[in-house]
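The structure I worked from comes next.

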Amino acid sequence: LEETFYNVPEDYSFFEHFSDVIKWPTIFILISSILLFTLNNVDYLQILIIPSLIVFYSFFEWVIHKFLLHKNIWPFDFLYHHHVIHHLLFKEIMEVSSLKENFFVITPRYAILAISPLLWAIAGGLSFVSQFVALLFIITIFSYYIAYETLHYTFHASKDHWLRKMKWVNYLAQLHTKHHQSDSRQNYNVIFPIFDIVFNTFNRK
């Protein structure tokens with residue numbers, strides 16, 4: 001574990017890391033939002049698909065966490081190794097205690113670019129059905145990702161963090177603590193524990 005810290009740059013900046021991670025999702029959201037308002041003859045009832053998309057993203061999050069972060073599968077093995085260190089660091093104490101530990105809280109900079117082709121392929125398929133729905137897909141899934149990164153960081157920040165004052169966020173933080181300290185085979189979802197409940201990996205005791 002100590003050797004791993006030597007691989008973290010001495011001038012590591014949490015702000016730069018977090019900014020890099022959300023930069024491309026933010027750009028994708030902005031471009032898709034602009035394109036959304038250029039569409040003609042839109043059936044705005046299609047916006048009702050957003051709840052279904054959120055359920056899909058919850059499933060996508062559960063699958064990635066269980067099968068890519070907790071299993072060493074090529075070519076996503078870099079995610080697994082990053083996550084192993086994350087669990088070693090926060091097995092007993094959940095709060096970040098040093099600047100370099102933030103490096104293992106936030107997703108690697110290139111992770112979202114590695115997963116993006118699959119998301120764009122899904123959006124491309126949806127565009128044959130409805131361009132409006134395809135753009136909604138991009139906007140909501142990358143918004144979900146930014147929310148994921150923000151909440152996950154909050155779970156490992158100080159308990160006095162302003163977001164932890166919200167009951168739902170604090171409850172989710174407790175579920176995540178159980179994932180680290182009780183059983184890493186439970187509580188894979190970070191935002192909505194929908195598929196932890198569906199697949200019987202939910203632990204709220």
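Is Asn-187 buried or exposed? I found that Asn-187 is buried, with a relative accessible area of 1%, where buried means under 20%, exposed over 50% and partly exposed in between, using a 1.4 Å probe and protein chains only.

Before going on, I noted that this is a predicted model, in which local features need pLDDT of at least 70, side-chain atom pairs count only at pLDDT 80 or more, and totals for chains, interfaces and linings use all residues. I also noted that residues are numbered from 1 along each chain as its sequence is written, and that side-chain values use heavy atoms, with hydrogens and water left out.

Entry on two asparagines. I looked up phi for Asn-187 and read a positive value of about 55°, although this residue is not a glycine. I located Asn-187 in the loop between helix H7 (167-181) and helix H8 (194-198); helices (H or I, at least four residues) and strands (E, at least two) are DSSP runs, numbered from the N terminus. Asn-200, also not a glycine, has a positive phi of about 60°, and I placed it in the segment after H8. Asn-200 is exposed, with a relative accessible area of 70%.

I found a cis peptide bond between Trp-74 and Pro-75, with omega about 10°, and Pro-75 sits in the loop between helix H3 (50-68) and H4.

Entry on H4. Its 13 residues (77-89) reach 19 Å from the first C-alpha to the last, close to the expected 18 Å, which is 1.5 Å times one less than the number of residues. I listed the buried residues of H4, among them Leu-79, His-82, His-86 and Leu-89.
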